[in-house]
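Dear colleague,

Here is the structure I said I would pass on. My notes on it follow below.

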Amino acid sequence: LLKKKPRILLGNSATATNNHLEAMDILSQFKDFDLQIIAPLNYGDMNYAGKISDAGKKIFKDKFTPLTEFIPLDDYNKILNECVIFIMNSYRQQALGNIYTMLYMGAKVYLDERNLAYSFLKRIGAIVFSISKELVPENTEALSSLKEEQQKINRQVIEREFGRTNLNKKVRSQLIDLLENK
């Protein structure tokens with residue numbers, strides 16, 4: 001089935017809007033797979049972090065790794081780089097920097113379709129996936145990494161939309177508009 005144990009990044013913080021418990025319920029359908037779930041819980045609501053950490057360990061045992069302490073940025077980036085899947089189960093737009101970073105790094109990104117980031121990213125040509133429709137056991141590709149061509153497309157979309165050249169153009173355009181309207 002899977003050539004490599006998928007490392008899954010679940011959420012971005014210890015906040016209830018990440019809907020960790022709902023995502024873990026969905027992921028529990030895959031708990032017999034050889035996988036590793038990493039949940040950044042080192043900032044936000046520490047009571048919530050404890051509950052999520054306990055629930056994750058109860059459901060997934062040693063396949064669940066909560067990040068409850070701050071670690072050096074280089075170490076955190078290594079962890080992110082090893083995650084082939086990022087699940088951001090928020091209904092509202094949040095963690096856009098994390099989403100863009102994970103897309104650029106080549107991860108398969110799952111979002112809730114109610115999240116405006118989902119429709120925005122689809123509209124600009126990024127390859128993102130629906131938690132409710134595609135993160136299901138019937139989908140034999142659900143826990144597989146993105147194909148190289150898909151990773152390339154996502155990098156191009158992120159560079160085109162958010163790269164330095166485009167941001168410079170947008171800022172320059174806004175400055176010119178501001179000066180012309182004075």
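Asp 112 is buried, with a relative accessible area of 9%. Please keep in mind that the model is predicted. Asp 112 sits in the loop that runs between β5 (108-111) and α5 (116-123). Its side chain reaches the backbone nitrogen of Arg 114 at 2.7 Å. With neighbours within four places in sequence left aside, Asp 112 is in contact with Met 88, Asn 89, Ser 90, Tyr 91, Tyr 118 and Ile 131.

**Nonpolar cores**

The largest nonpolar core has 29 residues, of which Ile 8, Leu 27, Ile 37, Ile 87, Tyr 110 and Leu 135 touch the most other members. Two or more residues each come from β1 (7-10), α1 (20-27), β2 (36-40), α2 (46-60) and β4 (85-88). The most come from α2, which gives five. Apart from this core lies another, of 25 residues, including Ile 38, Tyr 76, Leu 80 and Phe 86.

Ile 8 touches Leu 27, Leu 35, Gln 36, Ile 37, Ile 38, Cys 83, Ile 85, Ile 87 and Leu 143, when residues up to four places away in sequence are not counted.

**Helix α1**

The buried residues in α1 are His 20, Ala 23, Met 24, Ile 26 and Leu 27. They lie on the same side of α1, because they cover an arc of only 155° around the axis. These buried residues pack against β1, β2, α2, β3 (64-67), β4 and α6 (131-134). Leu 21 and Asp 25 are exposed, on the face of α1 turned away from the buried side.

Regards

Terms used: Residues are numbered from 1 along each chain as its sequence is written. This is a predicted model: local features need pLDDT of at least 70, side-chain atom pairs count only at pLDDT 80 or more; totals for chains, interfaces and linings use all residues. Side-chain values use heavy atoms; hydrogens and water are left out. A nonpolar core is a set of buried Ala, Val, Leu, Ile, Met, Phe, Trp, Tyr and Cys residues joined through side-chain atoms within 4.5 Å. Buried means under 20% relative accessible area, exposed over 50%, partly exposed in between (1.4 Å probe, protein chains only). Helices (H or I, at least four residues) and strands (E, at least two) are DSSP runs, numbered from the N terminus. Contact means heavy atoms within 4.5 Å. A polar contact is a pair of N or O atoms within 3.5 Å; within protein, one must be able to donate a hydrogen and the other to accept it, and residues adjacent in sequence count only if both atoms are side-chain atoms. The arc is that of the directions from the helix axis to the C-beta atoms.
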